[in-house]
Amino acid sequence: MCYDPDAAPPAFGPALWPLAEAAPLTLTSADGTGFGAFLARPEVATGASVLVLPDNRGLSPFYRQTAARLAEQGHPALVLDYYGRTAGADPEKRPAEFGELPGLLPHLLALTPEGLDADITAALDRLRATGPAEVVALGFCFGGRQAFRAAAPRFGLAGAVGFYGYPGAINGAPGPTQLAAAPAAPVLAFWGGADEHIPAAAVEDFDAALTAAGCPHEFVTYPGAPHNFFELSAAAHAAAARDSWQRLLEFLRRAR
């Protein structure tokens, strides 16, 4: 698991806009599945919309707070949950054991690329109906991997940003590195130099694949930073978190 249930994103700088909305909602995928989401909108949208793709815990408080922080900077942000098909559309009604790997694992293993893509498409439709049409995907860990996948032309994104998303194949299933034949969206990726889950060779392979595909991309590695350095309690890595936040906001500004 990437973030503990009580984890919170770091906060840097003042809010530029008050929130016009910050509330849960239920979206419907193409196959009729209802799934949970959370939408935060600023009073005035001044930049690209953001689709937030959480870690494998799904829609947790960390990501609701992240969406609100983005909206305060002028970016409408929507977080989706992955588990509507197996655990229902309301993340708040799930048992406590769902938040730990033994309880989550059956639901995680039931995810399919087709289902994930359908849910991402429904979330993008909702964002584009209420905010700027330009959308950037922002993901963390498992969600970072999904954000890199969403750089594919079929999603029409203005960009994809991933924090420590594993890019290689997993149990034979192709990852972003193997799927990088023709991505259309620019990629920004953040890596922890001391991340035990993502070896440097995997990052290098992804870099090479994006270069071969002609995809604009920027990789930033923070020496000594662990897998989940972008977190409020990770005080020792606050400089890395601040730098990545500033780079993210600049990437979003360029997306419009």
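**Pockets, core and rings**

Mentor: Let us start with the largest pocket, whose lining residues divide into 16 nonpolar, 7 polar and 2 charged. This is a predicted model, in which local features need pLDDT of at least 70 and side-chain atom pairs count only at pLDDT 80 or more, while totals for chains, interfaces and linings use all residues. Residues are numbered from 1 along each chain as its sequence is written, and side-chain values use heavy atoms, leaving out hydrogens and water.

Trainee: What makes a residue nonpolar, polar or charged?
Mentor: Ala, Val, Leu, Ile, Met, Phe, Trp, Tyr, Cys and Pro count as nonpolar, Asp, Glu, Lys and Arg as charged, and the others, Gly among them, as polar.

Trainee: And what makes a space a pocket?
Mentor: On a 1 Å grid over the protein atoms alone, a pocket is an open set of points with protein on both sides within 12 Å along at least five of seven lines, whereas a cavity is a set where a 1.4 Å probe fits but cannot get out. Lining residues have an atom within 4 Å of a point. The largest pocket has a volume of about 810 Å³, the space filled by probe spheres set on points joined across faces, edges and corners. Of its 25 lining residues, L108, F142, R145, Q146 and I170 are the closest to the centre.

Trainee: Which helix gives the largest share of that lining?
Mentor: Helix 5, with 4 residues. Helices (H or I, at least four residues) and strands (E, at least two) are DSSP runs, numbered from the N terminus. Helix 5 covers 142-149, and 8 of its 8 residues are buried.

Trainee: How do you know whether a residue is buried or exposed?
Mentor: Buried means under 20% relative accessible area, exposed over 50%, and partly exposed in between (1.4 Å probe, protein chains only). G13 has 62% relative accessibility, so G13 counts as exposed. F163, at 1%, counts as buried, and F190, at 0%, is buried too.

Trainee: Why is the pair of F163 and F190 called tilted?
Mentor: Rings of Phe, Tyr and Trp (its six-membered ring) pair if their centres lie within 6.5 Å; planes under 30 degrees apart count as stacked, over 60 as edge-to-face and the rest as tilted. The F163 and F190 centres are 4.6 Å apart with 40° between the planes, so this pair is tilted. F163 lies in strand 6 and F190 in strand 7, so the pair ties together parts 27 residues apart in sequence.

Trainee: Then why is the pair of F190 and Y222 stacked?
Mentor: Their centres are 6.3 Å apart and their planes are at 25°, so the pair is stacked. This pair links F190 in strand 7 to Y222 in strand 8, 32 residues apart. The count comes to 23 aromatic pairs.

Trainee: What makes a group of residues a nonpolar core?
Mentor: A nonpolar core is a set of buried Ala, Val, Leu, Ile, Met, Phe, Trp, Tyr and Cys residues joined through side-chain atoms within 4.5 Å. The largest one here has 82 residues, and L51 is among those with the most contacts inside it. Helix 7 (residues 238-254) gives the most to this core, with 7 residues.

Trainee: Which residues does L51 touch?
Mentor: Contact means heavy atoms within 4.5 Å. Not counting residues up to four places away in sequence, L51 touches L78, L80, I120, A123, L124, L127, V135, V136, A137 and L138.
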